[in-house]
Amino acid sequence: MIRVVINGEEQSLERPLTVAEYVASLPVNRRWVAVARNGEVVPRHRWHEILIEEGDVVEVVRMVGGGAPRDGTMVVESRGPDQPTGGERV
Amino acid sequence: MAVNVYIPTPFRKLAGNQAYVQAEGQTVQEVLEHLARRYPGLATMVFDQDRRIQAHINVYLNSQEIHSLQGPDTPVRDGDEVAVIPALAGGQVLTPEQVMRYSRHIIMPQVGPVGQRKLMAARVLVVGAGGLGGPAALYLALAGVGTIGIVDFDVVDLSNLQRQVLHQNDDVGKPKTQSAKETLLAYNPDVNVVLHEAPLTSDNAMDIIPQYDIVINGADNFTTRYLVNDACYFARKPLVDAAILMFDAQLTVFVPGQGCYRCLFPSPPPPGAVPNCAEAGVLGALTGVIGSLQAIEAMKLILGIGEPMVGRLLLYDALSGEFRVVKVRRDPKCPLCGDDPTITELIDYEGFCGAPFPGRDEA
């Protein structure tokens with residue numbers, strides 16, 4: 001087990017993981033997050049080689065469009081398994 | 001000695017459209033002569049036939065007028081800032097009312113009278129007169145930023161009033177641009193508010209954005225967000241970008257060639273996959289925090305002070321009360337600003353994002 005800090009919270013991982021492996025374990029689509037390790041965003045093409053190791057500080061940055069559509073159309077029901085759940089700080 | 005020379009808007013065309021130019025010399029005179037050799041058009045504006053600085057040109061070294069120092073022979077040091085300010089029709093100096101109005105800015109050496117004139121000469125475009133664009137435009141107007149452009153197509157809705165400070169109860173149903181202009185001028189009639197009352201699209205972005213020095217992004221959808229990112233890159237304009245949802249916010253400054261939104265997020269999620277504020281909600285006061293930070297970043301860029309958030313992404317979690325900053329670099333594989341770009345002009349953003357520009361149907 002290794003200890004890491006993810007989005008400000010201490011967590012344990014089974015073993016060191018590549019960024020790609022870690023993101024794959026999350027209930028989010030990999031295309032809609034950016035990942036920073038120890039204060040620096042990891043370019044997407046390096047996700048397979050950069051390891052998250054003991055003591056690392058990781059930020060998973062979710063894509064945010066912001067604002068509101070002008071007609072306030074509600075499409076929340078389309079939330080599927082790709083979506084971050086309410087309890088997750090992703 | 002290498003110093004930065006601030007070129008005011010009226011002279012910028014003569015200096016390659018740059019706000020700051022590096023020049024060398026031991027004294028202010030030598031720096032200006034070096035500048036004049038590189039930009040002959042500027043030489044005739046700054047010097048008379050005897051290579052003396054023209055009487056109607058005021059020269060400042062680090063915000064101090066050089067005649068209060070040692071005149072043109074004032075020595076310069078590495079990193080100093082020289083500003084060349086012409087007397088303009090409409091007043092060479094700040095009016096007494098302006099001095100009073102902006103006194104809490106002018107009193108700070110980082111702003112001073114020269115900085116105030118930079119603010120008054122600046123042109124900032126605010127995309128969206130909503131939650132973020134509102135406080136951003138408001139503080140820019142209060143600071144006397146000379147020209148504030150507002151792009152919006154929408155009308156004020158009752159549900160906007162929980163956070164959008166430019167609009168009041170009586171404004172419901174009014175175009176947001178009009179309501180924004182009335183509010184900004186009521187706060188400060190000294191600024192020029194330019195309205196672009198239409199959705200920003202691929203058709204008009206390259207007409208509108210190049211008219212400004214800096215763009216503040218308060219877009220509420222991915223289609224506009226990618227358009228603004230790409231258009232600012234092509235127009236070589238700094239973009240003060242931010243996005244908010246629920247209790248979370250992100251903010252950064254993209255300077256063309258030093259990273260862009262696509263370096264972080266190369267492609268948008270399909271419509272509806274990432275909730276927006278109408279669906280998930282947003283804390284009203286959060287828009288005030290982040291919109292104000294956008295105004296601060298724009299003012300830092302205008303004044304050339306501090307360290308703009310270029311290459312750094314601010315993450316604010318209002319619930320935990322934590323601000324975190326991570327570094328962002330230009331991705332050499334970025335499709336827009338990478339080494340082998342595949343996007344070389346504005347594209348079909350509605351097709352790319354799978355969603356129309358909001359308001360396009362009505363336009």
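**Aromatic rings, cysteines and a buried helix**

Six aromatic pairs are counted over all chains, where rings of Phe, Tyr and Trp (its six-membered ring) pair if their centres lie within 6.5 Å, and planes under 30 degrees apart count as stacked, over 60 as edge-to-face and the rest as tilted. One of these is the stacked pair of Tyr316(B) and Phe323(B), with 4.2 Å centre to centre and 15° between the planes. The model is predicted, so that local features need pLDDT of at least 70 and side-chain atom pairs pLDDT 80 or more, while totals for chains, interfaces and linings use all residues. Residues are numbered from 1 along each chain as its sequence is written, chains are lettered from A and ligands numbered from 1 in the order in which they are written, and side-chain values use heavy atoms, without hydrogens and water.

Tyr226(B), Tyr261(B), Phe265(B) and Phe352(B) form one aromatic cluster.

No disulfide (a pair of cysteine sulfur atoms within 2.5 Å) is found over all chains. The sulfur of Cys232(B) is too far for a bond, because the closest cysteine sulfur, in Cys260(B), is 11 Å away; for Cys353(B), the nearest cysteine sulfur is likewise that of Cys260(B), at 13 Å. Cys232(B) is buried at a relative accessible area of 1%, and Cys353(B) is buried at 4%, where buried means under 20% relative accessible area, exposed over 50% and partly exposed in between (1.4 Å probe, protein chains only).

In helix H2 of chain B, residues 28–38, the buried residues include Val28(B), Val31(B), Leu32(B) and Leu35(B); helices (H or I, at least four residues) and strands (E, at least two) are DSSP runs, numbered from the N terminus.
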